[in-house]
Structure formats: structure tokens, C-alpha cells
Amino acid sequence: MVKLPRYNSPTTQVVLVSFVCFATVGMYGALNNLGAGGTQNIVLSDITNAVLYTCFALFALVSGSINNILGPRLTLFIGSFGYLLYVVGLWVYQTRGIQWFLILTGAILGLGAAMLWSAQGAVMMSYPLEKDKGRMFSVFWVIFNAGGLMGGLIALGIDLKQGALSATATTTYVAFMIVMGVGIAACWTLLPPGRVVRNDGTIVKIQSFANPKDEVRGLWNTLKEPQILLLVPLFFFSNYFYSYQSALAVAIFDATTRAVNGVVKSTGQIVGAIIIGILLDVVPVKRRRNRGLIGVATATAFICVAYGWGLAYQLRFTRATEPSPKINYADAAFGEPIALLVFYDVADAMYQGVAYWIMGALSADAFVLARYAGLYKALQSAGSAVAYGVDAVKTPLLNELLSGWICLLFSLAPAFYVAANLHDTNLQAENAVHVGDTIIGSDGREHVAGEKDLDKDTHAHVVVDTVDAASDKY
């Protein structure tokens, strides 16, 4: 009989966060697969996305600190609402033709996405044991991309039924909103960090409440950390290549085949996440720095193979000489480009996994990791905005591919250096507090750390305590 993980285990909590992202971010991706976000208005879609990513990039700089003040459960809940409101904006535009409301909901979604991803990053990187962080990324990425897989199937089903991805019906929007509503409600199934018990008996524990002043200071210190400065290229270019891959699919595939691509490409993400999780956690290499080096080297190798193959394929045509007629999934020519795009996604998942794992290896403090996650998404969104701007002016596809490849290799070089200098553990260095120690409470007074602290939500600094992992009261 398969033994399910405890409800208060890090694995269960990461799975719950993964389901929230499956039901919100995954459904958002599904709507994007329906052509211009379901609107069929390319100009409006471009404006909305520009506003969305600008708000996302700017707000993500502080969303990690907001998570530290509100706690991951409330932050995730507020952030997920942005996705539901965006679907409402799409439906209002589809039925009433109101463009300004859709643009407004795009801006709100940018703010919400920053909060959601900061909370997600804090949970995924700080809850697991240090030896399990690679596998927890795999768990999250697999479930999250299952949402993209489901979305691709929805887009494909509509396309095959209608013969084209035309304006999305009201019933489709209602279905998306119901799924998102379930995901939003699932936010409240998360436990406060102080109730999460790891397999070695340690818990995420509260020492003192966060406040805006401390968070401003903490964010500034994060921005000055040498390791984070070295990782800025890794963060900035982590989604830079998506614009080229999207442009490539539009250039060579017909509408139905692009929907098929939306389904198949998610499998590449899932495979890549599983592989990198195994390499970072399961491979019997004792030193954490050595596992990190293996992960970075593997991601680099897959990227070089993918883009080397992509270069050979891209040399066959330009924007002016795109295949005509476009490739259909039933054509013999479909095999190579779809395999190439899947390989791009395998390499992408490895790259994302390495980025999250290195961040998680730099600290065991959930406050610090929440700031890292926010900064990561801020720079990632900024990089995406630049990349889509480059594509919008019809930059030659070959130039986009080469610039993406060069930027990825450039970003991995300092990541290799950071991985080479990782410590085997961060727990002792970050002054763990144990049950029975004297700590400073939220009232500013000293008291002995004990079970009553487990009843508090996460508005505070995260440290590690030792308890009985099998205890039912947690």
C-alpha cells in the first residue's frame, strides 16, 4: 500500500501550493492558448500584456516583503484573485466590448502574480529539508505544468470542434472561473509554517514579527548580496527565450497544430523537471556544491544541444520565407519541429530548476527566500518584456535565437561560480532556535519557545526547532 505523506509535511504543503498554481496560472495559460488571450484582438492583447508584465516586474520587487508581513497563505490568496479577475475582464470584453476594464484587470493581475509567485517560492524553497529541495521543485513543476497540459487540451478541443480558435464562449469563461475559484479556496488548506513538520522532526518556527521597516532594510540587504548580484543575469534571462519559441511556432504551424504544440510542450517541462530534481537531490554525491555543479553543467549541456539543433533548423527559413502552407500535425514535416520545441522545454525546466535550487541553497530563512523569489520574478518579467519588445519589431528569427542562446550561456557562467561556493548547510549559520530556548515574542518580551508558538500564523522570522515528527498535535 502506498503511504501518503502527512498533511503537515512539506511535501503535502508544496502539493497544495502546486494545485493553487495549477488552477490559477494554469487556466490563465489555457486562455492564452485560445488566441490573443481568448479575445482574438492582437493589439488589445499586446497592450494588456505590456501593462501586466510592467506591473508584475515592478511590484515583484516588494512582493517578497509583503509575503513576509502577511504570511504565505494570505499572500497566495490575494495574489490568486488577480487571475480570476482577469478572466472576468476577458468575459466582459467578449460580451460588452469594454477594453479599458480588461487593461485594468491586466494591471491587477500583474500585482497579484507578483504576490502569488513570491508566496509560492517561499513555500517551495523554505519548507523542505535541504536535501529535498530539488525534488520539491520537481513536484511543483510537474503539477503546475499539468495545468498547462490541461489548458492545451481545452484549446485543442475547441479548435477541433470549431475548426478554428474563434471568440471564446461564455460557458468556457464560466468553466475557467469555476476552476480558478476552487484553486483560490484551496489557499486556505495551507497550514501556517509553524505547523509544518519535516521528516527529521524540525519545524518552521516563529521568532519575531516582521514589520515594514525591517522589510525595507532586508530587501536592501538582499539587493547588495554578492551571490544575488551574480545571479541577476540568471534571473533576467530565465524567460527571455519564450518570445522566440512562440514566434517560431506561429511561423511554422497552423492554428490546430499550435494547439497540439500547447499540449505536447508541457510534457517536455515535466520530463525536464523530473530529471533535474533527481540530479540535484538523488544522485549519490555528498557535497551540495558538487550537486549544484552537476545541475548547472547538465542544464548547460541540454541548452547547447537544443539551441544547436534549433540553429540548424532555423537556417532553413526566415520571417520572409516561412513555410507555406504551414505545417499541420498530420504532415510528415511535423516530427522534427515538435521534437525540437519539446527539447527546448526540457532544457527550460532544467534551467528553472537550477535557479530555484541555487536560491534555496543560499539560505534556509523563509523571509530571505521570499525576497529572493520576488526579485527572481521581477527580473524575469523585465527580461520577458524586453524579449517580446524585440520580437514585436520583427527582429529576424535567427538573430532572436542566437541572442537567446548567448544570453543563456552568459547567465549560467556566474551561476556556476555561485554553485561552486555553496555551503553544505545553512542551518547552523542562521542561528536556529529550539524548543526551550529564550526568544523575543511579538510583544517584545522574552519567553521560552514552546508549543504555544505553533498556533501563530507566519508573520514572523523563520527559524528551526526540533519536535517529534510523529506527534498528532501538530
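**Terms and values**

Guide: The chain has 14 helices and four strands, where helices are DSSP runs of H or I with at least four residues and strands are runs of E with at least two, numbered from the N terminus. This is a predicted model, in which local features need pLDDT of at least 70, side-chain atom pairs count only at pLDDT 80 or more, and totals for chains, interfaces and linings use all residues. Residues are numbered from 1 along each chain as its sequence is written, and side-chain values use heavy atoms, with hydrogens and water left out.

Visitor: What is the span of α3 set against?

Guide: Helix α3 (residues 72-96) has 25 residues and reaches 36 Å from its first C-alpha to its last, close to the expected 36 Å. The expected span is 1.5 Å times one less than the number of residues. Just after α3, glycine 97 takes a positive phi of about 75°.

Visitor: Why is α3 called roughly antiparallel to α4?

Guide: The axes of α3 and helix α4 (residues 99-126) come within 7 Å and cross at roughly 155°. Axes are lines fitted to C-alpha atoms, for helices over the stretch in contact, with angles from 0 to 180 degrees between N-to-C directions. Angles under 35 degrees count as roughly parallel, over 145 as roughly antiparallel, 65 to 115 as roughly perpendicular and the rest as oblique. The angle therefore makes α3 roughly antiparallel to α4. The contact of α3 with α4 holds 20 nonpolar, 10 polar and no charged residues; Ala, Val, Leu, Ile, Met, Phe, Trp, Tyr, Cys and Pro count as nonpolar, Asp, Glu, Lys and Arg as charged, and the others, Gly among them, as polar.

Visitor: What makes α9 and α14 roughly antiparallel?

Guide: The axes of helix α9 (residues 242-252) and helix α14 (residues 397-420) cross at roughly 150° and come within 9 Å. The two helices are therefore roughly antiparallel to each other. Ser243, Tyr244, Ala247 and Ala251 in α9 meet Leu397, Glu400 and Leu401 in α14, contact meaning heavy atoms within 4.5 Å. By class, this contact has five nonpolar, one polar and one charged residues.

Visitor: Why is aspartate 345 called buried?

Guide: Buried means under 20% relative accessible area, exposed over 50%, and partly exposed in between (1.4 Å probe, protein chains only). Aspartate 345 has 1%, so it is buried. This residue lies in helix α12 (residues 335-362). Leaving aside neighbours within four places in sequence, aspartate 345 is in contact with Lys265, Gly268 and Gln269. Buried residues make up 55% of the 474 residues in the chain.

Visitor: Why does tyrosine 388 count as partly exposed?

Guide: Its relative accessibility is 38%, so tyrosine 388 counts as partly exposed. Tyrosine 388 is found in helix α13 (residues 366-392). Leaving aside neighbours within four places in sequence, tyrosine 388 is in contact with Tyr242 and Ser243.

Visitor: Why does lysine 394 count as exposed?

Guide: Lysine 394 has 58% relative accessibility and therefore counts as exposed. Lysine 394 is found in the loop between α13 and α14 and has a positive phi of about 60° although it is not a glycine. Most residues other than glycine have a negative phi, and most peptide bonds are trans.

Visitor: Which peptide bond is cis?

Guide: The bond joining serine 324 and proline 325 is cis, with omega about -5°. Proline 325 is found in the loop between α11 (288-314) and α12.
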